[in-house]
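Please look over the model below before reading on.

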Amino acid sequence: KTIAIVGCPFSGGQPKHGVDKGPIHLVEAGLITQLEELGWHVLFDGHHQFEEISTASDPPIGILKNPRLVSHVCECVANVAGEHVRNGHLPVTLGGDHSLAMGTISGTLNSYPDACVVWVDAHADINTIDTTTSGNIHGMPVSFLLGLGPRIPEFSWVKPLLKPERLVYIGLRDLDAGEKKILKDNNIRAFSMHHVDKYGIGRVVEMALDHVNPNRDLPIHLSFDVDALDPSVAPSTGTPVRGGLSFREGHYICEAIHETGLLVALDLMEVNPSLADAESVRQTVAVGCSLVRSALGESLL
Ligand code: ARG
Ligand code: MN
Ligand code: MN
């Protein structure tokens, strides 16, 4: 029962400053003690210090912004998180922007090639270099993991280890046109907020797991973007979209995944303490901590 906190103060996958402060706020809010109180042994030896790559030496590739920096940082994260998984520890990666999941999921799949990914987000983050209109790589990590789109030599370390049938989304509500086509063409199962409204979160999680993990015997990587929650619940994030998961719906997903006993890695991404007022920041950081606790076994009774 050992968790390794992987603090990733990184914002290069998107343009807003402050998301690199997310992990620092989460740890300062007491996350580590809270997890120890749940009975975990927690490893944490400080936030990761990433090597700087200056913008001068990192010109755009097509429209992609900071491509070498993002690639390099994600490769480091893949090695660090992957090492924890190899040692039988459960990495909890605190972002930072969601491009980091390119690293964390690579790390998981290196040890557990049959792992499934539950991606909880307002966004699908599955743009390719051909479909992205923003050039922000935090909107693209899933396409790299699946090996979609043109090959980009700077990202050649990312192996397409994720199979479309081992990926499922919950909470979607803001997809680019190209992303909708990618989901259809690749038969990727996605539960949008429409499905949450229609079936309720209980049925949605059950259907999502039935799809990626029918016998409940495959390892699970949960990648949770805090913007999956409604902005009234988690206001301090870079790309908020109204109509999101309620406080309970978000926590229910984490609790249900904990109950499977199959969780092997967890990401909590896109907490940006520089956006919004102090009370909104406090609220978002607190929700981030409680989502992590729920995924790691905190129960209501
Ligand atoms: N789809 C948009 C883009 O490609 C937004 C992505 C937002 N991603 C996130 N991890 N918050 O830029
Ligand atoms: Mn998002
Ligand atoms: Mn995301």
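## Two metal ions and a ligand

The manganese ion (ligand 3) lies 3.2 Å from the manganese ion (ligand 2), and Asp-121 coordinates both. Donors here are N, O and S atoms within 2.8 Å of the metal (3.2 Å for Na, K and Ca); water is not among the atoms, so sites may look incomplete. This is a predicted model, in which local features need pLDDT of at least 70 and side-chain atom pairs count only at pLDDT 80 or more, while totals for chains, interfaces and linings use all residues. Residues are numbered from 1 along each chain as its sequence is written, chains are lettered from A and ligands numbered from 1 in the order in which they are written, and side-chain values use heavy atoms, with hydrogens and water left out.

The manganese ion (ligand 3) is held at 2.1 to 2.2 Å by His-98 (ND1), Asp-121 (OD), Asp-125 (OD) and Asp-225 (OD). Along the chain, these donors follow the spacing H-x22-D-x3-D-x99-D. His-98 lies in the loop between strand E3 (90–95) and helix H4 (101–111), and Asp-225 in strand E7 (residues 220–225), so the pair ties together parts that are 127 residues apart in sequence. Helices (H or I, at least four residues) and strands (E, at least two) are DSSP runs, numbered from the N terminus. Both His-98 and Asp-225 are buried, meaning under 20% relative accessible area, with exposed over 50% and partly exposed in between (1.4 Å probe, protein chains only).

His-123 is buried, as is Asp-225.

Ligand 1 is surrounded by 13 residues, and Asp-125, Asn-127, Ser-134, Asp-176 and Thr-239 are the closest; a residue counts if one of its heavy atoms lies within 4 Å. The table gives some distances between side chains and ligand 1.

| Side chain | Atom of ligand 1 | Distance |
|---|---|---|
| Ser-134 | oxygen | 2.6 Å |
| His-138 | nitrogen | 3.4 Å |
| Asp-225 | nitrogen | 3.3 Å |

The protein covers 93% of the 350 Å² of accessible area (Shrake-Rupley method, 1.4 Å probe) that ligand 1 has on its own.

How values were computed: Polar contact = N/O pair within 3.5 Å; in protein donor to acceptor, adjacent residues only side chain to side chain.
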